Amino acid sequence: MKRIQIINGPNLNLLGKREPSVYGNQSFESYLEELKTRFPEIELSYFQSNVEGELVNKLQEVGFDVEGIIMNAGAYTHTSIAIADAIRSITAPVIEVHISNVYQRESYRHQSYLSAVCKGCIIGFGLDSYRLAIESFL
Ligand code: DQA
């Protein structure tokens, strides 16, 4: 069975409540159930943290074992050299995901430290971005 790890960064625990006009009305927990139903052949694990170092720890913990990682690092996308270095250090391919189209938003969201070290990026398709990222591993 293929193992795929989803990692969400800061404030993504508030999906469904947080700026619904940007991020939608659905919680990630409820969306995750939909993904698990849709991809029964995949062992899908989920981790969320608001703490940068915990995201680095998780990448190191699973990054030599799983077949793929789907990462939405939230605002750390635009600031974190530590997360970029962790992605460089592991063997699992990482797909960078964003719910919103960051290029339609503030210019400080146009820079990503992660894109260059990720296998690919899926940006701006709402929660469906995660499904598309899973499809890319199939
Ligand atoms: C986000 C975009 C980031 O700029 C923002 O800080 C987030 C969410 C997205 O999924 O659209 O927290 O990563």
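This is a predicted model: local features need pLDDT of at least 70, side-chain atom pairs count only at pLDDT 80 or more; totals for chains, interfaces and linings use all residues.
Residues are numbered from 1 along each chain as its sequence is written. Local features need pLDDT of at least 70 and side-chain atom pairs count only at pLDDT 80 or more, while totals for chains, interfaces and linings use all residues, and side-chain values use heavy atoms, without hydrogens and water.

**Exercise 1. Work out the order of the strands in the sheet, and which strands stand at its edges.**

Step 1. Strands (E, at least two residues) and helices (H or I, at least four) are DSSP runs, numbered from the N terminus. Two strands pair if DSSP finds at least two bridges between them.
Step 2. Five strands make an open sheet, ordered E2-E1-E3-E4-E5, with parallel pairing.
Step 3. The edges are E2 (42-48) and E5 (120-123). Each has a single partner strand, so one side of each lacks a neighbour in the sheet.
Step 4. On average, neighbouring strands of this sheet are turned by 20 degrees against each other, direction ignored.

**Exercise 2. Trace the partners of strand E1 and say how enclosed E1 is.**

Step 1. E1 (residues 2-8) pairs with E3 (residues 68-72) in the parallel sense, over five bridges. In E3, Gly-68 is the bridge partner of Ile-4, and Met-71 is that of Ile-7.
Step 2. E1 also pairs with E2 in the parallel sense, over seven bridges. Here Ile-6 stands opposite Tyr-46 in E2.
Step 3. Buried means under 20% relative accessible area (1.4 Å probe, protein chains only). Five of the seven residues of E1 are buried, so E1 is largely enclosed by the rest of the structure.

**Exercise 3. Describe how helices H3 and H4 pack.**

Step 1. Axes are lines fitted to C-alpha atoms, for helices over the stretch in contact; angles run from 0 to 180 degrees between N-to-C directions.
Step 2. H3 (residues 52-62) and H4 (residues 81-89) pack at about 0 degrees, with axes 9 Å apart. That makes H3 roughly parallel to H4 (angles under 35 degrees count as such).
Step 3. Contact means heavy atoms within 4.5 Å. From H3, Glu-52, Leu-55, Val-56 and Leu-59 meet Ala-82, Ile-83, Ala-86 and Ile-87 of H4.
Step 4. These contact residues divide into seven nonpolar, no polar and one charged. Ala, Val, Leu, Ile, Met, Phe, Trp, Tyr, Cys and Pro count as nonpolar, Asp, Glu, Lys and Arg as charged, and the others, Gly among them, as polar.

**Exercise 4. Find the members of the aromatic cluster.**

Step 1. Rings of Phe, Tyr and Trp (its six-membered ring) pair if their centres lie within 6.5 Å.
Step 2. The structure holds four aromatic pairs.
Step 3. One cluster is formed by Phe-28, Tyr-31, Tyr-46 and Tyr-130.

Note on methods. Angles under 35 degrees count as roughly parallel, over 145 as roughly antiparallel, 65 to 115 as roughly perpendicular and the rest as oblique. Rings of Phe, Tyr and Trp (its six-membered ring) pair if their centres lie within 6.5 Å; planes under 30 degrees apart count as stacked, over 60 as edge-to-face and the rest as tilted. Buried means under 20% relative accessible area, exposed over 50%, partly exposed in between (1.4 Å probe, protein chains only).
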